[in-house]
Amino acid sequence: MTATSLADRRNAAISRGVGVTTQIYADRAENSEIWDKEGKRYIDFAAGIAVVNTGHRHPRVIEAVKKQLDRFTHTCHQVVPYENYVELAERLNEVVPGSFAKKTIFVTTGAEAVENAVKIARAATGRQAVIAFGGGFHGRTFMGMALTGKVVPYKVGFGAMPGDVFHVPFPVELHGQTAEQSLGALKKLFAADVDPNRVAAIIIEPVQGEGGFYPATTAFLKQLREICDQHGILLIADEVQTGFARTGKLFAMEHHGVVADLTTMAKGLGGGFPIAAVTGRAEIMDAPGPGGLGGTYAGNPLGVAAAHAVLDVIKDEDLCNRATSLGNRLKQRLESLREKAPEIVDVRGPGFMNAVEFNDATTKLPSADFANKVRLKALEKGLILLTCGVHGNVIRFLAPLTVQDNIFAEALDILEASILEARSA
Ligand code: PMP
């Protein structure tokens, strides 16, 4: 079966709504490498979009899941509960930022975590409105989509959106949007559109993911926290993409000393198995009545078993520090290319949640075309990269934090060559 005919079958059998960025059909994967059906090997700098932070098939994750497979795979926690679910909640209550009593629920996807955080915030405050940020991404379900601050492709044709969702611009100094302007926009929103006393929550990604890997500053997050406190609004940190050592801390909010009332998690938590969570202040988490939260597969035993192993691996392999050192090496390499590649306008990101942003060298305007050329050159050479950003002109790096040194060095060489070749393409 060739990849081409598989692509044809895919197009014939699957909705085009499920986009794909490569035509590689995975055959097997190990740590930071994927082999396709033709036996070609790729270095994976996408990690299933920030999921396998601990690498593909980390032996400890696989062992934990195998053990669970041999005991039971599904009882539904709402029917016959199991201890490792309780224990994982205890662990998250311990490690999620905030020195107050916490409680947790498990669900299956990031979007579901976001949906539930909003439900919980509404139940706890008795308020309806939710504020999110332009460029933000919170999932493809209805509330996640409404909160997402990007129309194409996420909202086109899917209205009406759930009501009482408002957006303010995310501060990105590089694009002329300062923190002061964003806070000003929030104040204007309170004056013109929604009474702050009706706002249940403000949701923010500490580093915007799909939106372009733009980190929020400590000062901005602190001011947001103050505004929330002033008006009795809950702060939700969407750590679905930033979580689990990616930014050099277990959670990105730890960089800022700002504590959210509710934290959403998914992706890296399960190391490749579907599990997501919401953790927050105990009294807020208890606001919904029994039966108001949950789901058939919520906290599936295999995902729970994987998550325990992921937390162990992050600690035992010191992956937070590993993220910082890998990120520094990557950023240095990109910085050293600036002279040769004037398209590079910014290199950024905490830990190993890094990005490079490109403008056209002549027009100085964001160049999705250049970013895409780099991505395709790299793919040809066996390195899987992802783009992102409202303008599509950013390449984000999401390699497993367990990537071996020699493979990481090889990837940096491919990246450099791809950027330089994209210039002459
Ligand atoms: N929130 C953020 C910050 C995300 O990055 C994503 C996924 N890219 C989601 C929510 C949605 O997660 P999922 O795709 O698992 O529903």
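These questions and answers cover the cavity and the ligand site of a predicted model.

In this predicted model, local features need pLDDT of at least 70, side-chain atom pairs count only at pLDDT 80 or more, and totals for chains, interfaces and linings use all residues. Residues are numbered from 1 along each chain as its sequence is written, and side-chain values use heavy atoms, with hydrogens and water left out.

Visitor: How much space lies in the largest cavity?
Guide: A cavity is a set of points, on a 1 Å grid over the protein atoms alone, where a 1.4 Å probe fits but cannot get out. Points are joined across faces, edges and corners, and volume is the space filled by probe spheres set on them. The count of cavities of 30 Å³ or more is 1. The largest holds about 30 Å³.

Visitor: How many residues lining the largest cavity are charged?
Guide: Lining residues have an atom within 4 Å of a point. Among them are Phe133, His138 and Glu205. Asp, Glu, Lys and Arg count as charged. The lining has 4 nonpolar and 3 polar residues, and the charged number 1.

Visitor: Which residue has a polar side-chain atom 3.1 Å from a nitrogen atom of the ligand?
Guide: A polar contact is a pair of N or O atoms within 3.5 Å. Gly110 places a backbone N or O atom 2.8 Å from a ligand oxygen. For the nitrogen, the residue is Lys267.

Visitor: How much of the ligand's accessible area does the protein cover?
Guide: Accessible areas come from the Shrake-Rupley method with a 1.4 Å probe. On its own, the ligand has 400 Å². The protein covers 84%.

Notes
On a 1 Å grid over the protein atoms alone, a cavity is a set of points where a 1.4 Å probe fits but cannot get out, and a pocket is an open set with protein on both sides within 12 Å along at least five of seven lines; lining residues have an atom within 4 Å of a point. A polar contact is a pair of N or O atoms within 3.5 Å; within protein, one must be able to donate a hydrogen and the other to accept it, and residues adjacent in sequence count only if both atoms are side-chain atoms.
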